[in-house]
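The exercises below are each followed by a worked solution. Look over the sequence and the structure before starting.

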Amino acid sequence: YLCDNSDISNDFIVFNDDFYLLDIIDFSKIPYYFKNNQISLKYFKNNSFNEMAIRTRQFLFEKGKSLYDFKVHYPIIYNKVKLRYLIPLFKESFKNSGLGLSLRDLYGNWHNVSDKVFMEDNKIGINERYFDYYLKKFNLISGSNDPSDYEKEFLMKKYYKKSKWEI
């Protein structure tokens with residue numbers, strides 16, 4: 001849909017719903033962040049997200065591609081032409097599993113993006129112990145799926161005015 005929609009620019013940013021901007025970011029200059037040189041085969045939890053990551057790793061390995069883990073919690077720039085090129089690969093992967101592949105990992109490794117930069121992942125549970133550290137280190141953080149009271153309090157203070165998309 002995104003590739004065929006003329007309202008979307010050729011290069012566009014995917015921004016997850018749990019990202020919190022802490023400062024101004026020049027999105028035209030963000031690199032392709034990765035958190036490991038290889039997509040992991042071991043995960044703390046066994047769930048569909050992790051299974052999809054492992055399937056993507058195997059798919060890329062079989063195709064002779066690099067295996068960087070681009071699943072850092074930070075916005076990513078996609079190009080419509082390059083993204084469209086991946087559609088047949090997704091169709092191929094769905095024959096083996098309904099989970100498909102990790103778009104970030106497939107895009108970055110298939111197209112061998114040149115401006116990749118290591119970044120410590122910034123998916124955090126906002127709590128008093130580590131929060132000041134993350135505020136100094138990142139201009140954007142990704143909140144937890146199950147926010148603590150401290151995280152909720154921070155968000156209410158930082159983003160007290162609701163956006164037009166909130167209920």
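**Exercise 1: A salt bridge between Glu 92 and Lys 63**

In this predicted model, the side chains of Glu 92 and Lys 63 form a salt bridge, with N and O 3.2 Å apart. State where the two residues lie and how far apart they are in the chain.

Solution. 
- Step 1. Glu 92 belongs to helix α2 (residues 80–94), while Lys 63 is in the loop between α1 (48–62) and β4 (76–79).
- Step 2. The two residues are 29 residues apart, and the pair links distant parts of the chain.
- Step 3. Glu 92 is partly exposed at a relative accessible area of 33%, and Lys 63 is also partly exposed, at 37%.

**Exercise 2: Lys 71 and Asp 105**

Are Lys 71 and Asp 105 buried or exposed, and which parts does their salt bridge tie together?

Solution. 
- Step 1. The side chains of Lys 71 and Asp 105 meet in a salt bridge at 2.4 Å, N to O.
- Step 2. Lys 71 is in the loop between α1 and β4 and Asp 105 is in helix α3 (residues 103–110), so the bridge ties together parts 34 residues apart in sequence.
- Step 3. Buried means under 20% relative accessible area. Lys 71, with 7%, is therefore buried, and Asp 105, with 0%, is buried too.
- Step 4. A network of salt bridges links Asp 69, Lys 71 and Asp 105.

**Exercise 3: Asp 26 and Lys 29**

Describe the exposure of the partners in the salt bridge between Asp 26 and Lys 29.

Solution. 
- Step 1. The closest N and O atoms of this pair are 3.6 Å apart.
- Step 2. Asp 26 has a relative accessible area of 39% and is partly exposed.
- Step 3. Lys 29 has 66% and counts as exposed.
- Step 4. The structure holds 6 salt bridges.

**Exercise 4: The whole chain**

How many helices and strands does the protein chain have?

Solution. 
- Step 1. The chain has 5 helices and 6 strands.
- Step 2. Their order from the N terminus is β-β-β-α-β-α-α-β-α-β-α.
- Step 3. Of the 167 residues, 40% are buried.

Definitions and conventions:
Residues are numbered from 1 along each chain as its sequence is written. This is a predicted model: local features need pLDDT of at least 70, side-chain atom pairs count only at pLDDT 80 or more; totals for chains, interfaces and linings use all residues. Side-chain values use heavy atoms; hydrogens and water are left out. Helices (H or I, at least four residues) and strands (E, at least two) are DSSP runs, numbered from the N terminus. Buried means under 20% relative accessible area, exposed over 50%, partly exposed in between (1.4 Å probe, protein chains only). A salt bridge is a side-chain nitrogen of Lys or Arg within 4 Å of a carboxyl oxygen of Asp or Glu.
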